[in-house]
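Here are my notes from going through the model you sent over.

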Amino acid sequence: MPEPTLVVERLSRWFGGLAAVAEVSLDLYPGEIHAVIGPNGAGKTTLVNLLSGELRPSGGSIRYEGRELAGLPPHRIARLGIARSYQRTNVFRDVTAFENCRLAAQARLASSMRFFRPAHAYRAPAEAAERALEAVGLDGASRIADTLSHGEQRQLEIAMTLATGPKVLFLDEPLAGMAAEESARMVSLIVRLAQHHAVLLIEHDMEAVFSIAHRLTVMVNGRVIASGAPEAIRASTEVQEAYLGGAEPHA
Amino acid sequence: MPVPSRSVRLLLLAGFATLLLFPLFGERFYLQLLAHIMLMAVFAMSLDLLVGFAGLVSLGHTAFFGVGGYALMLLTSSAGPANLWLTLPVALAAAAVAAVIIGLLVLRSSGVYFIMVTLAFTQMLYYFAIGQKWLGGSDGAYINFKPRAALFGFVPFDLQKPLHFYWVALALMAGTYLLLFVILRSLFGRVVCAIRSNEGRLASLGIPTFRYKLVCFVIAGALAGLAGYFASAQYGVVNPDFFGWRLAGEVLMIVILGGMGTLHGPILGAFALVLLEDSLSVASKHWLLPMGLFIIAAVLLLPKGIAGLLERARA
């Protein structure tokens, strides 16, 4: 049994009297797709924001390769090899898709405090950007990000996280708003990514989640109500009740 | 960084050639005015690095212009001229240190708050300068001698001569343009431009944005100090208005009028605004009214400034 890459223990975040995330524990193994599902407002995105450092946890711990992440700023966490994508497309809108990915790859250089040599003379970030764009199958690298279609922007979002060369990926609803064909391509991409990355997947598309996730964690009102293999989750009456009084899980 | 189109580049080159040749055919009276404009262009380019590239709208950029000017005044004795090569680095270092200190405090805020706290800092310096006798108080102080450029007995140029001063101002403007051009296309420059676009995402990709903003702020501050040093040398005087919000507003206006986020924009803006001010103030004592109307019209009709107009004229 390999060691888990990421171990989250009793992680909490309070907003005033409201526990957006309450004592959530989960772990993530290399090569694994671990999906987090739950109804709207369950605290899934807050959980990702805690894990990526954009929010400070009120309590609990996040251990990654033996290191404590809780309380570290986002750029420190990113540099340890953890990359996240955003539920709402969050790119540099005024530059090309290629430049978006090149910037992402540049972020992994030891330092960008380099003032004289032109950025385009650095080969490694450019090559990483090209690989990332190819991996997600995004054509139109030279187009300004703002002019890309919604689906293409979602692809770009993922390509940027890949361009940083991460070991762990937090994907926050990568399929949101995608057409069926784009969605199918993204699903197969996520499966391929899982061969070399540990993937924490937040997703609303239940069909996709149950077909590719190795494990699922179900959150309701900030708490984990169930965690386990897809079959076990599908069979759980507690989970079914949490979703609209016993209807088929959607999120 | 948006690179100007070919025809605009040619136009800029023609403008530069005209400035190079101007002393051959132009009236000597205009040398001083043009030198003043070119120093304002240096000042405006340094502000544009913050406003147009990093997205940091500062209303307090005069703080560093003033420090550069006051530094020269303090370093010039009443007995004779100071040495340029000794006092200029000190003045630049003083402006840079001021930018580190102010930057550490103001860069924690953003948006409207950033505008307000930068304004607050330059206003503090304004009132400090007024209150201090050794800085000349509200009247300011004279700089009786322009700095001498003697280097081990060799004097490459003499700032006392208007023609030489003109060449130096032209070289400073061209040098600042080239320096910022190189910096903006470097790895550092890409980070700076991305900060304006989406600072949060840059952090989540692994870039500690604060220190990049601080270094950017210090580079801009040092260049503003450079402009302030030579401006005070040119006028032979410094006064608290070097720190004043009027000048801060004027240089911001130059950047906006010329075209933010381009390097040639602030240069074009400096020429347009100062020449217009100059001709209007000669024509009428009520010149501020047409000046204001012009600025309103320019902002409404030229959202991307003169630089944007040139690109449109080409298309």
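1. A definition before anything else: a nonpolar core here is a set of buried Ala, Val, Leu, Ile, Met, Phe, Trp, Tyr and Cys residues joined through C-beta atoms within 7 Å. Bear in mind too that this is a predicted model.

2. With that in hand, the largest nonpolar core has 175 residues, and the members touching the most others are Cys101(A), Ala159(A), Val42(B) and Ala95(B). The top contributor to this core is helix H2 of chain B (residues 29-54), which supplies 17 residues.

3. What does Ala159(A) touch, once its neighbours within four places in sequence are left aside? Cys101(A) is one of its contacts, and the others are Ala132(A), Leu133(A), Ala135(A), Val136(A) and Leu138(A).

4. On to chain A as a whole. I see nine helices and 10 strands in it. Its radius of gyration is 18 Å, close to the 18 Å that the globule rule gives for 251 residues, so chain A is as compact as a globular protein of that length. Along the principal axes, its C-alpha atoms fill a box of roughly 60 × 40 × 40 Å. Buried residues make up 45% of the 251 in chain A. If you take the chain A contacts between residues at least 6 apart in sequence, 66% of them join residues at least 24 apart.

5. Chain A also has an open, antiparallel sheet of four strands, in the order S2-S1-S4-S5. Strands S2 (18-28) and S5 (67-68) of chain A are at the edges with a single partner strand each, so one side of each has no neighbour in the sheet. S4(A), residues 59-64, runs antiparallel to S5(A) and is joined to it by two bridges. Across that pairing, Arg63(A) sits opposite Glu68(A) of S5(A).

6. Now the interface: 20 residues of chain B contact 27 residues of chain A. On the chain B side, the elements giving two or more residues are helix H6 (162-185) and helix H7 (187-205). H7(B) gives the most, with 12 residues. By class, this side of chain B has 11 nonpolar, six polar and three charged residues.

7. Last, helix H8 of chain B (residues 209-235). How far apart are its end C-alpha atoms? They are 39 Å apart, which agrees with the 39 Å that 27 residues should span at 1.5 Å a residue. Of those 27 residues, 20 are buried, so H8(B) is largely enclosed by the rest of the structure. Just after H8(B) comes Gly236(B), with a positive phi of about 70 degrees.

Technical notes
Residues numbered from 1 in each chain as written. Chains lettered and ligands numbered in written order. Predicted model: local features only at pLDDT ≥ 70, side-chain atom pairs only at ≥ 80, totals over all residues. Contact = placed C-beta atoms within 7 Å. Nonpolar A, V, L, I, M, F, W, Y, C, P; charged D, E, K, R; others polar. Expected span 1.5 Å × (residues − 1). Buried ≥ 20, exposed ≤ 12 C-beta atoms within 10 Å, placed from the backbone. Rg over C-alpha atoms; globule rule 2.2 N^0.38 Å. Pairing = 2+ DSSP bridges.
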